[in-house]
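We will go stop by stop.

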Amino acid sequence: MSIQAASVLKAYLEQRRAAGASHVPLRPDSLERLRHYRQGRRTRAAEVRRLLEEEPAPPEPPAKVVTESPVERAKADLVIAVEGATKAQKLATLAALAEAAPAPRALGSLRDTLVFATGSPEADLMFIGEAPGAEEERQREPFVGPAGQKLTDILRAMGLERDQVYITNICKFRPAMPDQGSSNRAPTGEEMRACLPFILTEIEIIRPKVIIALGKTACEGLGIEGPVSRLRGRFFEVRGIPAMVTFHPSFILREERLTGGGIEVKRQVWEDMLQVMEKCGLPISAKQRGFFQRG
Ligand code: URA
């Protein structure tokens with residue numbers, strides 16, 4: 001019996017029931033067909049159930065794609081874009097890319113002059129500061145103002161010259177201020193993020209033995225959170241490289257002014273530098289060990 005014929009028969013039976021009939025005589029062949037149809041419906045329902053049960057499980061949602069952060073993506077692009085056979089050549093092309101980089105300039109809160117880095121591309125030690133100040137911007141070289149002089153003093157105490165280490169900043173442009181004059185300010189998180197692909201690529205090119213993060217801002221930029229007083233004196237890991245946190249040279253200058261010498265801070269910075277020297281296998285004389293030793 002077709003579905004159409006069955007529904008006609010069903011409608012007829014309902015109509016008869018509505019009219020009060022308790023029995024409707026059907027021809028034996030119609031009765032047989034109706035039974036057949038009902039049986040067929042049960043079979044079809046069972047078939048649908050079976051198909052539903054056998055239906056293959058919905059496909060697994062695609063494996064969660066770990067989306068790279070914009071900083072990591074920009075850094076990966078830079079690593080591909082830098083050209084050169086030597087570290088020096090690679091750094092030169094990286095500096096040219098930084099000069100033309102749209103992201104830091106698009107912020108409108110950083111000044112125009114790129115202050116990239118200084119020192120040896122082959123260095124074992126990489127010092128990372130905050131951002132260029134007025135003097136650094138003028139000379140287009142990091143750490144050449146008063147804080148730079150303090151850093152040079154620390155290097156000399158370690159038996160090193162500036163051209164034996166690599167010196168750079170987490171932010172490559174001097175942060176702008178209204179009526180700036182010679183005033184400087186720390187870069188914001190946004191300003192650091194705009195420059196971070198460059199510092200990460202510098203780390204990847206140089207692969208120093210030790211990174212030294214100078215002060216809170218450099219730490220924050222590298223993802224090391226907390227006050228320097230608590231972070232200093234131990235190694236963290238930045239891109240697989242041991243990274244020592246210590247006070248910024250400007251903080252030493254401030255402490256010198258405020259505490260008549262800043263001996264305690266200088267002692268702590270020196271302890272940190274002794275650890276750095278040990279880590280990268282620099283010779284340490286008895287005299288060097290004795291600097292700032294408590295009497
Ligand atoms: N302070 C920094 O952190 N970087 C410089 O280049 C100069 C001062």
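**Before you start.** This is a predicted model, where local features need pLDDT of at least 70, side-chain atom pairs count only at pLDDT 80 or more, and totals for chains, interfaces and linings use all residues. Residues are numbered from 1 along each chain as its sequence is written, and side-chain values use heavy atoms, with hydrogens and water left out.

**Stop 1: the sheet.** Show the cartoon. Strands here are DSSP runs (E, at least two residues), numbered from the N terminus. Two of them pair if DSSP finds at least two bridges between them. Find the open sheet: 6 strands in the order 2-4-3-6-8-7, with mixed pairing. Now select 117–119 and 235–238, which are strand 2 and strand 7. Each has a single partner strand, so one side of each is left without a neighbour in the sheet. From one strand to the next, the twist averages 25 degrees (axes are lines fitted to C-alpha atoms; angles run from 0 to 180 degrees between N-to-C directions).

**Stop 2: strand 3.** Select residues 125–129. Strand 3 pairs with strand 6 (residues 210–214) in the parallel sense, over 4 bridges. Look across: Met-126 faces Ile-211, and Ile-128 faces Ala-213. Strand 4 is another parallel partner of strand 3, also over 4 bridges. There, Phe-127 stands opposite Ile-167.

Which way do the residues of strand 3 point? Leu-125, Phe-127 and Gly-129 point one way, Met-126 and Ile-128 the other. All of them are buried (under 20% relative accessible area, 1.4 Å probe, protein chains only).

**Stop 3: a loop lysine.** Select Lys-172, in the loop between strand 4 (166–169) and strand 5 (173–175). Is Lys-172 buried or exposed? Its relative accessibility is 1%, so Lys-172 counts as buried. Its side chain makes a polar contact with the side chain of Thr-168, at 2.5 Å. A polar contact is a pair of N or O atoms within 3.5 Å; within protein, one must be able to donate a hydrogen and the other to accept it, and residues adjacent in sequence count only if both atoms are side-chain atoms.

**Stop 4: the ligand.** Select the ligand and the residues around it, among them Gly-129, Pro-142 and Asn-169. Which atoms reach the ligand's oxygens? A backbone N or O atom of Glu-130 lies 2.6 Å from one. For a backbone N or O atom of Phe-143, the distance to a ligand oxygen is 2.9 Å. In His-248, a side-chain N or O atom is 2.8 Å from a ligand oxygen.

Technical notes. A residue is near a molecule or strand if one of its heavy atoms lies within 4 Å of it. Buried means under 20% relative accessible area, exposed over 50%, partly exposed in between (1.4 Å probe, protein chains only).
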